[in-house]
Amino acid sequence: GRCHLLCKPSALAQHLVRSLGRSVALRGGRWQLPRWPRLQMLQQLLQQPEEEPAVARELLQLPDAGLVALDWLVGPRGAVGGVEGSSSPVLLLIPNAAGKVTAGLLQLGVRALEQGFVPVIFNRRGHNGCPLTTPRLQPFGDPGDLGEAVTYLRCRHPAAPLLAVSEGSGSGLLLAYLGESGSSSRLAAAACISPIFRGRDWFEAGMPWLYEWPLLLHLKKGLSRYAGSLAEALDVAGLLGSRSLRELEETLFCRTKSRPTSWEDYWERNEPLRDADEAAVPVLCLCSADDPVRGPPAHTLPLELFRSSPYFFLLLTPGGGHCSFPRRGPRRCWGHEAVLEYFRAMAEFLRAEERRKGLPRPR
């Protein structure tokens with residue numbers, strides 16, 4: 001399918017080339033709307049899921065009394081979160097930075113469920129109906145809450161491989177977590193679908209209004225529920241009157257009443273790749289050259305990172321838009337199949353390495 005894998009040469013890279021080369025998803029060529037990435041983007045945001053999975057919500061209390069929500073996709077037998085102690089891989093799904101659970105993310109979860117994974121969606125504070133119990137939301141690249149969720153999932157499923165996949169701007173959170181936690185991330189592998197690598201540049205460049213306005217309205221609708229409690233910490237009128245995602249982000253996290261900070265200082269603490277050199281988990285980044293949300297590849301893809309780090313792999317395709325990667329048929333996103341094939345290839349490689357080195361399986 002004219003895809004290219006950019007990475008540092010290694011045994012794992014060779015294994016991925018062979019595995020992805022055999023993937024049916026990447027062999028096709030009948031991909032719809034190859035020259036209409038903006039239409040693909042709008043469809044990705046607004047379309048309804050073909051299969052509405054049953055979801056069981058679990059609220060996780062954080063050290064500061066805040067809450068995040070874990071939405072377990074329920075299997076055909078009604079099992080929630082799989083069987084505790086089972087070895088089925090747990091797949092943590094991370095929505096975009098606005099917290100919008102798109103039809104594409106749900107379809108990925110359904111497909112993973114069919115293939116034996118245990119999918120669970122991570123919802124940030126105040127997002128997707130998760131109660132906001134503190135006057136604090138999660139900054140763009142602050143992985144603290146995600147780390148608490150990963151620790152909980154590891155305790156609940158100690159024998160299962162823990163995987164993570166993010167969509168769009170939500171990749172900023174996953175990339176920041178991998179860099180900050182390093183070899184202590186507890187993840188076996190990760191994947192980012194249409195990631196945003198440079199957060200500050202992305203906000204400052206502005207986005208297509210077809211993408212920005214639906215997300216802006218989605219965020220305002222969620223925040224308006226907590227206008228009274230947020231008034232003690234923020235300028236709520238300015239927040240709800242924001243006319244861009246950058247203005248809303250700046251009002252939420254820089255113009256606070258108790259601890260105001262500058263836009264520059266905010267991004268020093270929240271850039272997704274600020275600690276990328278410390279990442280110690282294989283990460284597949286699935287990107288399209290015509291992504292209208294991320295921007296031109298020459299300015300928005302950290303190509304040197306993929307050439308120098310043994311843990312970062314870039315699967316670059318000429319078409320696919322933003323998180324769309326469309327094709328004909330009932331499974332309309334071939335990117336989902338590529339990501340699940342990547343996770344299978346990673347599991348095969350790790351098992352082969354354990355046998356070759358005679359290592360005991362981790363308890």
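Predicted model: local features only at pLDDT ≥ 70, side-chain atom pairs only at ≥ 80, totals over all residues.

Biologist: Let us begin with the backbone: what should I expect of phi in residues other than glycine?

Modeller: Most residues other than glycine have a negative phi. In this structure A65 has a positive phi of about 75 degrees although it is not a glycine, and C323 likewise has a positive value, near 65 degrees.

Biologist: Where does A65 lie, and where is C323 found?

Modeller: A65 lies in the loop between strand 2 (55-61) and strand 3 (67-73), while C323 is found in the loop between strand 9 (312-317) and helix 15 (334-357).

Biologist: Is C323 buried or exposed, and how does A65 count?

Modeller: The cut-off for buried is under 20% relative accessible area, and over 50% counts as exposed. C323, with a relative accessible area of 5%, is therefore buried, whereas A65, at 37% relative accessibility, counts as partly exposed because that value falls in between.

Biologist: Which strands pair with strand 9, and in what sense?

Modeller: Strand 1 (residues 4-6) runs antiparallel to strand 9 and is joined to it by 3 bridges; within this pairing, H4 stands opposite L316 of strand 9. Strand 8 (residues 283-288) pairs with strand 9 in the parallel sense, over 6 bridges, and here L286 has L315 of strand 9 as its bridge partner.

Biologist: Now for the empty space: what shows where it is left?

Modeller: Rolling a probe the size of a water molecule over the atoms shows where empty space is left. The structure holds 3 cavities of 30 Å³ or more, and about 220 Å³ of space lies in the largest cavity.

Biologist: Which residues lie nearest the centre of the largest cavity, and which helices supply its lining?

Modeller: The largest cavity is lined by 20 residues, and those nearest its centre are A97, A98, H127, L219 and E249. Helix 7 (199-205), helix 8 (209-224) and helix 11 (245-253) each supply at least two residues of this lining, with the largest share, 5 residues, coming from helix 11. By class, the lining of the largest cavity has 14 nonpolar, 3 polar and 3 charged residues.

Biologist: Why can one say that the largest cavity lies between domain 1 and domain 2?

Modeller: Both domain 1 (4-197 + 272-355) and domain 2 (199-270) give residues to the lining of the largest cavity, so it lies between them.

Biologist: How much space lies in the second largest pocket, and which residues are closest to its centre?

Modeller: The second largest pocket holds about 480 Å³ of space, and of the 17 residues that line it, R136, P139, F253, T256 and R259 are closest to its centre. Helix 11 and helix 12 (263-270) each supply at least two residues of that lining, and helix 12 gives the most, with 3 residues. By class, the lining of the second largest pocket has 9 nonpolar, 4 polar and 4 charged residues.

Biologist: Which domains give residues to the lining of the second largest pocket?

Modeller: Domain 1 and domain 2 both give residues to the lining of the second largest pocket, so this pocket lies between them.

Technical notes. Residues numbered from 1 in each chain as written. Heavy atoms only, no water. Helix = DSSP H or I, 4+ residues; strand = E, 2+ residues; numbered from the N terminus. Buried < 20%, exposed > 50% of the residue type's maximum accessible area, 1.4 Å probe, protein only. 1 Å grid on protein atoms, 1.4 Å probe; cavity = no way out; pocket = protein on both sides within 12 Å on 5 of 7 lines; lining within 4 Å. Points joined across faces, edges and corners; volume = space filled by probe spheres on them. Nonpolar A, V, L, I, M, F, W, Y, C, P; charged D, E, K, R; others polar. Domains from an automatic or database assignment. Pairing = 2+ DSSP bridges.
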